[in-house]
Amino acid sequence: MSKFGVLPPRVVLDPLLRGWLVEDIGRGDRTTQSLLWEHGTRGRATWLAKASGIIAGLPVAARVFELLNEKVNFVALVPDGEKCEPGQVIAEIDGSLDALLMGERVALNLAMGLSGIATLTHIYVEQIADLPAQFVDTRKTTPGLRLLEKYASAVGGAINHRMGLDDAVMIKDNHIAAAGGIGEAITRIRSQIPYPLTIEVETETLEQVTAALEHQADIIMLDNMPVQMMGQAVQLIRQQNTRVKIEASGNVTLETIRTIAETGVDYISSSAPITQSKWLDLSMKISGKSIAR
C-alpha cells in the first residue's frame, strides 16, 4: 500500500520541521523548562491510536524528536501504510524528557493529519481496486505541507499528480481562454517547453476532446463531464490514439468513483482525501522516567 510513498530527503524536510518547532516553542517551553531542572532527565513514552485507520507520518514524527535531541529513540510499531486499531500502541519512544514534551504537539499534529489523509485515500482506492483505473491526488494542498500531504496520499495507495507547476504542462480552462483555444495553447506551449515534459489538456466537451487529439496532447482530462459523455469521450480517444492517457476529474466522490472508473479512464483525480479528510486521533503517554548518569 505504501510502495508509492517516498519522503523528501532531510535537506528538504528538516528546514520545514525546524520552522514548525520554532513556531510552537517560540522563546522557550515555559512549562517543560521550568519543570525539568534536573540535567539529563530521560523518559519513555508510548503513542496510542484512538481510532482505526491507516498510519502515515511516523518517520516524520521521529525526525521531529531527533531534531530536538539526536539521542531520542523512536520505534514505530506500525509501519506507514498499515492499519491501526483503537487502543493499539503504534510507537515507543525513549529519550530526553524535554525533547519528548517539546516535540509532542508538532509530531502528533503531523502524524494525525497525514494519517487522516492516508486513511481516506485508502477508502477511495479500495472502491476501484479491482479495476484498471488508478486514483490520483491533486495540487489542492495546504501551503507548506504539500510534500508531506502528497506523501500521505501515496501511503494510502494513490499516485501523486504533479508536485508543482514545473513538473508538467496542464492546460486548464483559463489557459485555453487566454490563448484563444486548445490548438493555439498547445502549439504555443509545445514550442517553449523542454523535453520530456508532457502536455495535459482539460476538456469539458467532445469538441474540445477532438481538438486535443488533433493537436497531439499526451494526456486528456475529462473534467466535470456527465458519465455518459465521459464514456463517449473515452471511446473517441481510444479509437484515434491508444497512446493518449485519459484522466477523469470533477465531482469525484465515494459514490461516483466506481461508475467513473467503469468508463475505461486511466486515472481518476480528486482532492477529497486531502481537503476533506479527518485527522486520525493519536495520543502520547509518558510511561516512566529515569535520571541519566
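The model is predicted: local features need pLDDT of at least 70, side-chain atom pairs count only at pLDDT 80 or more, and totals for chains, interfaces and linings use all residues. Residues are numbered from 1 along each chain as its sequence is written, and side-chain values use heavy atoms, with hydrogens and water left out.

**Overall architecture**

- The protein chain contains eleven helices and twelve strands; helices (H or I, at least four residues) and strands (E, at least two) are DSSP runs, numbered from the N terminus.
- Along the principal axes, the C-alpha atoms of the protein chain fill a box of roughly 75 × 40 × 25 Å.
- Of the 293 residues of the protein chain, 48% count as buried.
- Contact means heavy atoms within 4.5 Å; among contacts in the protein chain between residues at least 6 apart in sequence, 73% join residues at least 24 apart.

**Helix α5 and its packing with α4**

- The buried residues of α5 are Leu148, Glu149, Lys150, Tyr151, Ala152, Ser153, Ala154 and Val155.
- These buried residues pack against α1 (10-25), β2 (53-54), α3 (58-68), α4 and α11 (272-275).
- Helix α4 (residues 97-127) and helix α5 (residues 146-155) have axes that come within 7 Å and cross at roughly 40°.
- α4 is therefore oblique to α5, since angles under 35 degrees count as roughly parallel, over 145 as roughly antiparallel, 65 to 115 as roughly perpendicular and the rest as oblique.
- The axes are lines fitted to C-alpha atoms, for helices over the stretch in contact, and angles run from 0 to 180 degrees between N-to-C directions.
- On the α4 side the contact is made by Leu110, Leu114, Ile117, Ala118 and Thr121, and on the α5 side by Leu148, Glu149, Ala152, Ser153 and Val155.
- The residues of this contact comprise seven nonpolar, two polar and one charged; Ala, Val, Leu, Ile, Met, Phe, Trp, Tyr, Cys and Pro count as nonpolar, Asp, Glu, Lys and Arg as charged, and the others, Gly among them, as polar.

**Nonpolar cores**

- A nonpolar core is a set of buried Ala, Val, Leu, Ile, Met, Phe, Trp, Tyr and Cys residues joined through side-chain atoms within 4.5 Å.
- The largest such core has 43 residues, and Trp47, Phe74, Ile90, Ile93 and Leu282 have the most contacts inside it.
- Two or more residues of this core come from each of α1, β1 (41-49), α3, β5 (89-96), α4, α5 and β12 (282-291), and α4 gives the most, with twelve residues.
- Not counting residues up to four places away in sequence, Leu282 touches Leu48, Ala49, Lys50, Ile55, Ile90, Leu108, Ala111 and Met112.
- A second, separate core of 39 residues includes Val209, Ala211, Met230 and Ile257.

**Individual residues**

- Thr46 is placed in strand β1 and is buried, with a relative accessible area of 19%.
- Not counting residues up to four places away in sequence, Thr46 touches Val89, Ala91, Glu92, Ser283, Met284 and Lys285.
- Arg238 lies in helix α9 (residues 227-240) and counts as partly exposed because its relative accessibility is 27%.

Definitions and conventions:
Buried < 20%, exposed > 50% of the residue type's maximum accessible area, 1.4 Å probe, protein only.
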